[in-house]
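Open the model in your viewer and keep the selection tool at hand. The stops below say what to select and what is there.

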Amino acid sequence: MLLTWRRWRRGRPFWGGLATVVAGAEICAIPLAPLKIMLQQGIAGIPSVLMGLVMIVMGLSAWFAPHYRGLAGVLTVLCAAAALVMSNLGGFLIGTVIGILGGSMIFAWQPVAPTEPEAAGKPAAPGDPGPAAPGDGTPAPCEP
């Protein structure tokens, strides 16, 4: 069970998605706070709730559809930056900062290609980098 969870988590931008969901929830929750806590209400906080929901959806899409990570990352950063102006200083700056960091982590994440320990049909010896095939992108070993 734990191994399955770890494999799922490592196969997608998990931490960027988590930061994005937290930032979206924080931006959504601010308009629902009492007026003594709010800086300005705006038009009933509709832009704040909508931007927070978009950020939550982008974080979830990074988890469940990681091939959309470029779009999700860019939209998250744009929503977080827009929340700075439209939503009580972006959730008192906390939501904006966490949203920009989460969107950046989503956009920067790259899937790791599986590695094969065997080269040319024979098992690799410990400490042996294996033969470099021409054109595979690995530099040939240098001998002094």
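Start with the aromatic side chains. Rings of Phe, Tyr and Trp (for Trp, its six-membered ring) pair if their centres lie within 6.5 Å; planes under 30 degrees apart count as stacked, over 60 as edge-to-face and the rest as tilted. By this rule there are eight aromatic pairs.

Select Trp5 and Phe14. Their rings form an edge-to-face pair, 5.5 Å centre to centre, with 85 degrees between the planes. For exposure, buried means under 20% relative accessible area, exposed over 50%, and partly exposed in between (1.4 Å probe, protein chains only). Trp5 is partly exposed at 42% relative accessibility, whereas Phe14 is buried at 9%.

Now select Trp8 and Phe64. This aromatic pair is tilted, with 5.9 Å centre to centre and 45 degrees between the planes. Trp8 lies in helix α1 (residues 2-10) and Phe64 in helix α3 (residues 46-64), so the pair ties together parts that are 56 residues apart in sequence. Trp8 is partly exposed at 25% relative accessibility, and Phe64 is exposed at 60%.

Trp5, Trp8, Phe14, Trp15, Trp63 and Phe64 form one aromatic cluster.

A note on the model before going on. It is a predicted model: local features need pLDDT of at least 70, side-chain atom pairs count only at pLDDT 80 or more, and totals for chains, interfaces and linings use all residues. Residues are numbered from 1 along each chain as its sequence is written, and side-chain values use heavy atoms, with hydrogens and water left out.

Switch to a cartoon view of the whole chain. Helices (H or I, at least four residues) and strands (E, at least two) are DSSP runs, numbered from the N terminus. The chain has six helices and two strands, and from the N terminus on the order is α-α-α-α-α-α-β-β. Of its 144 residues, 32% count as buried. With contact meaning heavy atoms within 4.5 Å, residues 24 or more positions apart account for 73% of the contacts with a separation of 6 or more.

Next, select helix α2 (residues 14-29). How far apart are its end C-alpha atoms? They are 22 Å apart, which agrees with the 22 Å that its 16 residues should span at 1.5 Å a residue; the expected span is 1.5 Å times one less than the number of residues. The buried residues of α2 include Phe14, Gly16, Thr20, Glu26 and Cys28. Among the elements that cover the buried residues of α2 are α1, α3, α4, α5 (88-92) and α6 (94-108).

Select Thr76, which is found in helix α4 (residues 69-86). Is Thr76 buried or exposed? Thr76 is buried, with a relative accessible area of 0%. Its side chain reaches the backbone oxygen of Ala72 at 2.7 Å. Leaving aside its neighbours within four places in sequence, Thr76 is in contact with Thr20, Met55, Met58, Gly99 and Gly103.

Last, select Cys28 and Cys79. Cys28 is buried with a relative accessible area of 12%, and Cys79 is buried with 13%. A disulfide is a pair of cysteine sulfur atoms within 2.5 Å. How many disulfides does this rule give? The count comes to zero.

Terms used. A polar contact is a pair of N or O atoms within 3.5 Å; within protein, one must be able to donate a hydrogen and the other to accept it, and residues adjacent in sequence count only if both atoms are side-chain atoms.
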